[in-house]
Amino acid sequence: MSIAVVTDSTAYLSHEQYDLYNIYSVPLSCIVQNEVYKEEIDITSEEFFLKVREMEKLPTSSQPTVGDFTALYEELGKQYDAIISIHLSSGISGTYQNAVSVSQAVEHVAIYPYDSELAAAGQAFQVIEAAKLAQKGATVEEILKKLDQVKEATELYFVVDDLTNLVKGGRLSRAAGSVATLLSIKPVLTFVDGLIVPFDKIRTKKKALRKIETLLEKSVRSSEYPIQATVVHAFSEQEGLEFKEKMEAEFPTVDFNLSFLGPVIGVHTGEGAIGMTWTIKTNDE
């Protein structure tokens with residue numbers, strides 16, 4: 001059985017990863033001053049964050065349309081027997097639900113929407129794992145079982161410079177945001193059941209990153225499998241690179257990568273957000 005792997009633009013994969021693993025994607029969009037841009041197609045992350053610096057009103061984001069999904073699924077149905085479609089957490093976006101709706105309407109190919117319950121590099125772990133298995137000839141059931149395993153093993157933590165966007169966009173509760181702002185703290189945020197929630201209240205960004213480092217250390221010590229990790233940043237590449245290099249020195253057994261938060265996630269985190277996600281490595285890596 002030939003299986004196509006689909007994701008959306010918020011996995012923030014590189015062009016090389018799309019090509020190497022034969023991954024397909026539907027873009028989400030950001031709305032900037034009444035103009036709609038499909039991320040990584042119509043606007044780059046750099047262009048987006050530079051525009052936001054000059055704006056008084058916050059941009060917004062929108063999920064892929066039913067038409068976007070339908071067009072891609074129908075095209076893939078001409079050459080594949082099945083499609084596994086892995087998307088941004090349903091707790092913060094309607095993208096997954098749109099995939100589910102379209103999957104029930106397209107008849108000539110079997111479609112399996114999958115809720116990553118994460119975003120960005122955390123989502124990307126699942127996408128790449130599915131694509132590797134599909135290339136090796138794994139069945140749909142084998143791939144979905146492995147996705148559950150990878151999801152269960154994934155941890156994702158991040159810190160933002162300003163919580164305003166997350167609260168205004170409804171991705172973080174107003175109560176949590178108000179307390180953090182009032183106390184001038186930099187909460188470490190994480191995903192629980194697909195929702196963004198505060199994990200710990202920290203006074204400074206430096207201490208927040210140190211907290212994330214201790215959480216990785218705990219995982220490395222307790223995991224029976226090797227660990228892979230990705231540092232993510234929102235238009236703060238130098239800070240992200242320095243954090244990654246520090247982690248590589250601290251944890252020589254962990255494979256580290258650097259990724260970014262593009263316009264759609266960046267709408268909510270704001271510029272300067274930084275974090276790290278990690279999960280188990282498969283035996284063949």
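In this predicted model, Phe48 touches Cys30, Val32, Ile43, Pro59, Pro263, Gly266 and Val267, residues up to four places away in sequence not being counted, where contact means heavy atoms within 4.5 Å. Residues are numbered from 1 along each chain as its sequence is written, and side-chain values use heavy atoms, with hydrogens and water left out. Local features need pLDDT of at least 70 and side-chain atom pairs count only at pLDDT 80 or more, whereas totals for chains, interfaces and linings use all residues.

Phe48 also belongs to the largest nonpolar core, which holds 28 residues and in which Cys30, Phe48, Phe158, Phe191 and Leu261 touch the most other members. Such a core is a set of buried Ala, Val, Leu, Ile, Met, Phe, Trp, Tyr and Cys residues joined through side-chain atoms within 4.5 Å; buried means under 20% relative accessible area, exposed over 50% and partly exposed in between, for a 1.4 Å probe and protein chains only. At least two residues of this core are supplied by each of β3 (29-32), α2 (45-53), α5 (120-135), β8 (155-159), β9 (188-192) and α11 (263-269), with helices (H or I, at least four residues) and strands (E, at least two) taken as DSSP runs numbered from the N terminus. The largest share, three residues, comes from α11. Domain 1 (3-152) and domain 2 (153-280) each contribute at least three residues to this core, the domain bounds coming from an automatic or database domain assignment. Apart from this core lies another, of 22 residues, among them Tyr21, Ala82, Leu133 and Ala138.

Twelve salt bridges are counted, each defined as a side-chain nitrogen of Lys or Arg within 4 Å of a carboxyl oxygen of Asp or Glu. One of them joins Lys146 to Glu129, with the closest N and O atoms 3.6 Å apart; this pair links distant parts of the chain, Lys146 lying in helix α6 (residues 140-153) and Glu129 in helix α5, 17 residues apart, and both residues are buried. Lys244 and Glu248, by contrast, both lie in helix α10 (residues 237-250), four residues apart or about one turn of the helix, and their closest N and O atoms are 2.9 Å apart. Lys244 is buried, with a relative accessible area of 14%, while Glu248 is partly exposed at 32%. In the salt bridge between Glu75 and Lys78, the closest N and O atoms are 3.3 Å apart; Glu75 is partly exposed at 42% relative accessibility, and Lys78 is exposed, with a relative accessible area of 68%. Finally, a network of salt bridges links Arg210, Glu213 and Lys246.
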